[in-house]
Amino acid sequence: IRCQSTSTKEPKAKRNLLDNASNLLTNFLSGGSLGSMPVAEGAVSDLFGRPLFFSLYDWFLQHGSVYKLAFGPKAFVVVSDPIVVKHILRENAFSFDKGVLADILEPIMGKGLIPADLDTWKQRRRVIAPGFHALYLEAMVKVFTDCTGRTTEKFEKLLDGECSRGGDAIELDLEAEFSSLALDIIGLGVFNYDFGSVTKESPVIQAVYGTLFEAEHRSTFYIPYWKIPLARWVVPRQRKFHNDLKIINDCLDGLIRNAKDSRQEADVEKLQQRDYLNIKDASVLRFLVDMRGADVDDCQLRDDLMTMLIAGHETTAAVLTWAVFLLAQNPSKIRKAQAEVDSVLGQERPTFESIKKLEYIRLIVVESLRLYPQPPLLIRRALEEVVLPGGYKGDKDGYIIPAGTDIFISVQKESEGIEGWAGLDPSRSPGALYPNEIISDFAFLPFGGGPRKCVGDQFALMESTVALAMLLQKFDVELRGSPESVELVTGATIHTKNGLWCKLKRRPNGH
Ligand code: HEM
């Protein structure tokens, strides 16, 4: 069966507990109508014993690239076949919403792009995506280099202290450092707010981490405990979450007020002429307020900013964490990367132009995304009946997916190690700086695909390239313990259980 379903559905009303219960029931009852789809029986230990995406991969080897995963009465369809993935993400994008993901994120991101219903999404995507144009990205390179410069200066000061005590290396949790760096960058890039988290603590920073922590926790639970009546007032952890959310929202509201009050026609003209180099504040917020006038709805703007803050923070930090994890096990690759940095940058900071020449560094960033995809799963729920195409590894005939079916798109791909995959050969992506879903025909989905693809992909790739290049320009990095001791934990992103503890030394050649 090969057929396309193209119609779109009205956005769903907010779900409550009752809707969730009825969804469970629909899934249970609809299980049989998935025809001859292979079934993987999940055990609770699969959910909590190890990262789910490992189990999904094992089941993929066992059951093929489209299978049903049953956890008691709850069933998900798990898809990793590129043809089927393309059918869902691109060709029938509007037959799906974000399902479980929206249930989890809506209390935090409201009607921001990630959880948004289709109507809101269509309006906001049109407004937000143009904010990430090439000149904006060019202006952002300075933000990336300035912020990374603060991080490397901090490491140098720590090394100076260590040298004065006779040592030559410092031990650092680089995951935590990358998290601070990515927070500072996203704050400046999206709303021109300097969290300064590389060097200080503040209630807003604590609140951002608290909110992220709760979002992670929710994403690993399949029962929406946060919707239990009165939970937000009675359960201490929920009370804290709502306090954290209020702190961030107050901060964002202040920034929005400020952006609206300081809106000047001269800046609007500069923006219209795309005169980014002469503009003091090149942030996405400035763009949204200046280009759309002062009448943009504050609540929607706040949801948009919150979404970008969360979407762009831990993801990029995780990419850097796993890039360093991969590199630190491969001294020869570090040397190769450093040789490239030395020849392209010397002692200079990266620029928009020189990033293009950092080919090997870019491949390491992409390799990190391939082996440690952020997020490791894409989530959808069918809004109407959809017929999936028969994939190249699965059945010849496709499956009928009833409305309400929850789908996991499993993004992780086989094979290990840097340069382990021919898809990362730069000659196979002519004209593109980074391999993507178009070049790989949906086999590699670092930023999703179709209309709901990440809006910050180029921002994040350049940011990671700059940060990695500047780190390797100055330091040699080694893991403190064995690679096996770095345990994985997954939620919205893949991170380590106890930090990425590394030894950092100044490079011997005086860089
Ligand atoms: C969506 C990954 C950085 C903003 C997505 C999606 C993925 C993704 C896979 C698609 C989700 C889906 O289809 O369900 C990443 C990774 C990043 C990153 C791996 C870093 C390496 C950023 C940054 C921003 C951002 C820096 C903003 C500044 C968004 C937004 C969406 C999104 C707004 C929703 C797009 C829509 O539905 O229209 N991201 N992202 N992301 N990302 Fe990113």
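Asp173 stands opposite Trp501 in β13. Keep in mind that this is a predicted model. The pair of residues is a handy way into a sheet. Strand β13 covers residues 501–506, and five bridges join this strand to β5. The two run antiparallel.

Six strands build it, in the order β1-β2-β3-β9-β6-β4, and their pairing is mixed. At the edges stand β1 (39–41) and β4 (96–97); each has a single partner strand, so one side of each has no neighbour in the sheet. Look inside this sheet at β6 and β9. These two strands pair in the antiparallel sense over five bridges. There, Arg381 stands opposite Asp406 in β9.

## Helices that pack

Two packed helices are described by the angle between their axes and by the distance between those axes. Here are two such pairs.

| Helix pair | Angle | Distance between axes |
|---|---|---|
| α8 (174–191) and α14 | about 145° | 8 Å |
| α15 (331–345) and α18 | about 100° | 9 Å |

Take α15 and α18 at their angle of about 100°. That angle makes α15 roughly perpendicular to α18. On the α15 side, the contact uses Ile334, Ala337, Gln338, Val341 and Leu345; on the α18 side, it uses Ala469, Leu472 and Gln473. By class, these contact residues are six nonpolar, two polar and no charged.

Now turn to α8 and α14. Is their crossing left-handed or right-handed? The crossing is right-handed. From α8, the contact residues include Leu174, Phe178, Ala182, Ile186 and Phe191. From α14, they include Leu305, Met308, Gly312, His313, Leu320 and Val324. Sorted by class, the contact of α8 with α14 has 13 nonpolar, five polar and two charged residues.

## Around the ligand

Gly312 of α14 turns up again here. There are 22 residues around the ligand, and Gly312, Gly448, Cys454, Gly456 and Ala460 come nearest. Which helices each supply at least two residues of this shell? They are α14 (298–328) and α18 (457–474). Helix α14 gives the most, with seven residues. What kinds of residue make up the shell? There are 13 nonpolar, seven polar and two charged ones.

Helix α14 packs with α8, while α18 packs with α15.

## Two spots in the loops

Finish with the backbone. A cis peptide bond joins Gln374 and Pro375, with omega at about -5°. Where does Pro375 sit? Pro375 is in the loop between α17 (359–371) and β6 (377–382).

Asp441 is the next stop. Its phi is positive, about 50°, although Asp441 is not a glycine. This residue lies in the loop between β9 (406–410) and α18.

Key. Residues are numbered from 1 along each chain as its sequence is written. This is a predicted model: local features need pLDDT of at least 70, side-chain atom pairs count only at pLDDT 80 or more; totals for chains, interfaces and linings use all residues. Two strands pair if DSSP finds at least two bridges between them. Helices (H or I, at least four residues) and strands (E, at least two) are DSSP runs, numbered from the N terminus. A residue is near a molecule or strand if its C-beta atom, placed from the backbone, lies within 6 Å of it. Ala, Val, Leu, Ile, Met, Phe, Trp, Tyr, Cys and Pro count as nonpolar, Asp, Glu, Lys and Arg as charged, and the others, Gly among them, as polar. Axes are lines fitted to C-alpha atoms, for helices over the stretch in contact, and angles run from 0 to 180 degrees between N-to-C directions. Angles under 35 degrees count as roughly parallel, over 145 as roughly antiparallel, 65 to 115 as roughly perpendicular and the rest as oblique. Two residues are in contact if their C-beta atoms, placed from the backbone, lie within 7 Å. A crossing is left-handed if the near helix is turned anticlockwise from the far one by less than a right angle, and right-handed if clockwise.
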